[in-house]
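Hi everyone, thanks for coming.

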Amino acid sequence: MQETFFDHLPKEPVTLSEGAILLPGMALNLDANIPSLLNLIQAASPFRNMITPGGHTMSVAMTNCGKFGWVTDKTGYRYDPVDPLTNQPWPAMPASFLEIAIGAAVAAGYPEFQPDACLINRYLPGSKLSLHQDRNEADFTHPIVSVSLGLPASFLFGGLKRKDAVKKYTLEHGDVVVWGGPSRLRFHGVNTLKMGEHPVLGEQRINLTFRKVV
Ligand code: MD3
Ligand code: FE
């Protein structure tokens, strides 16, 4: 049998809620390659602070890799095959990113997951992401896979209605979460990032979210 990431899982999977499975440390295998892969992506499609339809500049800076990228501007939210900053296609999804996303989805019971988009969020100290749902994708039976890198974040996980109670979880460097089933449309967000210095990524948090858009 070929070895997989899961032969070396540092900790046991944790179910956060029905359909939301935390794989602690599963992305630590990527560790050595992360800075260079992120540098290649941001050299082609730089991080930028996008504008919401309401006219606010997001404190989280974003870029994408893969066939489609999530963008927001004054006209609304969309997935776009072209980076509006460069008028070029987004950089390709690195093979190791794809491998970890598919591996996590398989471990969580989604063997058919084939992501075609990876949104990359960069949090500097002071950045936050307000409570929201991810509903710009065509088919909510596909999960979203998230990979947390760099500084730890206080992640907010609510219910299907905005006013539902919110639980807090700390997401650390290397943590992977598969958000599927009844958790796919739960409200979620990230508290203001605290100052700190991470040995691999420095004074920032990077979050990758893998999505199946079409
Ligand atoms: C739960 N990103 O990019 S990752 C996002 O840490 C986003 O940057 C956050 O929310 C971040 O849309 C959270 C965890 C996450 C991602 C997608 C989800 C949780 C989710 C989709 C549905 C439910
Ligand atoms: Fe989200």
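Three protein donors hold the iron ion, ligand 2: His-132 through NE2, Asp-134 through OD and His-188 through NE2, at 2.0 to 2.2 Å from it. A donor here is an N, O or S atom within 2.8 Å of the metal (3.2 Å for Na, K and Ca), and water is not among the atoms, so sites may look incomplete. Along the chain the donors are spaced H-x1-D-x53-H. His-132 in strand β9 and His-188 in strand β14 are 56 residues apart, so the pair links distant parts of the chain (strands are DSSP runs of E, at least two residues, numbered from the N terminus).

A quick word on the model: it is predicted, local features need pLDDT of at least 70, side-chain atom pairs count only at pLDDT 80 or more, and totals for chains, interfaces and linings use all residues. Residues are numbered from 1 along each chain as written, chains are lettered from A and ligands numbered from 1 in written order, and side-chain values use heavy atoms, without hydrogens and water.

Now, which residues are closest to ligand 1? Among the 19 surrounding it, they are Asn-121, Tyr-123, Asp-134, His-188 and Arg-205 (a residue counts if one of its heavy atoms lies within 4 Å). Strand β15 gives the largest share of this shell, four residues.

Let's finish with polar contacts, meaning N or O atoms paired within 3.5 Å. Polar side-chain atoms lie by oxygen atoms of ligand 1 at 2.5 Å for Tyr-123, 3.2 Å for His-132 and 3.3 Å for Asn-207.

Notes:
Polar contact = N/O pair within 3.5 Å; in protein donor to acceptor, adjacent residues only side chain to side chain.
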